[in-house]
Structure formats: structure tokens, C-alpha cells
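Hi,

Here is the structure I promised to send over. Have a look at it first, then read my notes below.

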Amino acid sequence: NIAIIPDSKKDSLTLIRKNLIELGFNNDYEFLICEELGLRKERIRNIKIDEELPNEISSLHIAILLKKFKSDMVKERLPLFGLKDECFKTFDDRPNLFTKREIRIQILADLEIPENGTLWDIGAGSGTIGLEAIKLRPNIELISIDKRLGTKNIIIENANRLGVFPKEIIEEDINQILKSSFNKLSPPNRIILGGCDKETKIAVIYKLSKSLEKGDIMVLPIISYEHLQEIKVVFEKLNFQTLINLIQTYKSVSINEGSRFEPNNPVFVMKAKKLF
């Protein structure tokens, strides 16, 4: 919960409201305007963030933002493509541990998702990419894999929000899966490979490349330039064609003087398509 003492000489409440909308927090907080607290004309109003502010507000006021429980998304209101980050539930202790919208869009495009097939989302985290993929292509079989405890429940929650149905959600280390239960799973023809260290990525590439056919695709979000180069060499040895995009985006945030831009972390997105 946050209390803000605005500058009454400036239109600070409008700026707060705009910032909440721009940062995607409009469904996360209740917005209270508390006027003349402790005085005869004391008034507390709960303002809807997506509506205009009241015309008359006392110059003696504070704004309160109350964190609220995020209710289930209304499926009918979701766009076809490019879901906002706020659509997804994330880890309470690491709320930013998921692939952001701009990166997700690029990965989904690079996957060239077919009408039918099997998609493995390795290091799935909150499941955002794989779930949006099967929202676009409902006949795709999705296998989400992540070793972090609690991942399965979060992916189930996000699947319910989107109205989609993963085939399997596996809460286990991919290294262990490759050793023990690999043959029990449907072989992939599309793979998202994120959320694990370089050695694991390379081991997965070597193992899964054997089951891929001509034209099948792996897509990897990578943050380290050094890792990018090593992994690119591995793909070339295994007869994959690679394409690399560096995604660096900025989001505008309103300030009193106009707008400033908040940078997102740059991410390399590597697409690897098997040639033969």
C-alpha cells in the first residue's frame, strides 16, 4: 500500500492516474482520495482509475493506493494476440520473473506456430509464452516444464485465465527429464528454451535436436552476448539456420514536463530452424 502527498499546485492526481494506467497497474490498486482528514469536511472517495477524476477536489488531500487481490481475467476481453503482462499471475516473491510482452510477441512470431504439433516450453516460469501460443493455436499440444516449486499451480491459474488447456505441466528439472522420462513425452516440433543456465541449454539442444525434423524450430531468449555466441556455434554444428534479434524497448511514463521513457532489459532472441 502506498500513500502519496501530491503537490496541490500541480495536477498531480491526474499524473498518478496516468502512471498507473501506463505501467499496467490499473487493475492492481484501489485509488482513494482523502480530503481534509480530521476536519469537519473530511471526505474519502474511491476513484475508478479508468474514469476521469472528480471536478472538485480540496487542495488539502492525499492519495492512497491500496493493493488489491487480482481477480480472474474476463476471457472475452482478452485480445487475440499481444496479451498485456497484467493478464498473468506471477510469483509473489519475484513478480517480474516472466517474459515481458514485447519479447513474448517476438518469440511467438519466430516460432511460426503450425496448426498442429507439440510445443515444449522449457523453463516456462509463469507459462506466459506457451499459454499464449496455444491460445493462438488451440490444436497445439503444450508441455510446460520448470523446476521451480509452485510453478505448476501458477501455470494452471494462468491457463484458466486464458481459457486454454496445456497437455502437461511438469515441475521438474529438464536435466532429469532428459535422463529418465524423455521417451514418455510427445516429441516436440517447436521448442521455447529459456530459464536455465548455458550448460543446460546446450545439453537440451544436443538432445532434442536428434528428435527434430527439417523445418522444426527452437527459440531462445538470451541475455548474455557471450552465451549467444557459444550457442550459435552449437546450432551451426547441428545444421540449424539461426536468426538473432536484439530487442530493446522503452515505455513512456508521463511526468509533469511531458514524458520520459523507462527502458526494459535488452534481450537477444535466437531463432534456430533445422535445415535437414
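Glu 132 counts as buried because its relative accessibility is 1%, and buried means under 20% relative accessible area, with exposed being over 50% and partly exposed in between (1.4 Å probe, protein chains only). You'll find Glu 132 in helix H3, residues 128-136; helices here are DSSP runs of H or I with at least four residues, strands are E runs of at least two, and both are numbered from the N terminus. Leaving out residues up to four places away in sequence, Glu 132 touches Phe 81, Gly 82, Leu 83, Arg 104, Leu 108 and Leu 162, where contact means heavy atoms within 4.5 Å.

Before you go further: this is a predicted model, in which local features need pLDDT of at least 70 and side-chain atom pairs count only at pLDDT 80 or more, while totals for chains, interfaces and linings use all residues. Residues are numbered from 1 along each chain as its sequence is written, and side-chain values use heavy atoms, with hydrogens and water left out.

Now, back to H3 and its partner. Helix H2 (residues 101-111) and H3 have axes that come within 10 Å and cross at roughly 55°. That makes H2 oblique to H3 (under 35 degrees counts as roughly parallel, over 145 as roughly antiparallel, 65 to 115 as roughly perpendicular, and the rest as oblique). The axes are lines fitted to C-alpha atoms, for helices over the stretch in contact, and the angles run from 0 to 180 degrees between N-to-C directions. On the H2 side, Arg 104, Ile 107 and Leu 108 meet Thr 128, Ile 129, Glu 132, Ala 133 and Leu 136 of H3.

What about H6 and H7? Helix H6 (residues 198-209) packs against helix H7 (residues 225-237) at an angle of about 10°, with the axes 11 Å apart, and H6 and H7 are therefore roughly parallel to each other. Lys 198, Lys 201, Ile 202, Ile 205 and Tyr 206 in H6 meet a set of H7 residues including His 227, Glu 230 and Phe 235.

Finally, the whole chain. Its secondary structure comes to seven helices and 13 strands, and 45% of its 276 residues count as buried. Among contacts with a separation of 6 or more, 68% come from residues 24 or more positions apart. Along the principal axes, the C-alpha atoms fill a box of roughly 75 × 35 × 30 Å.

Cheers
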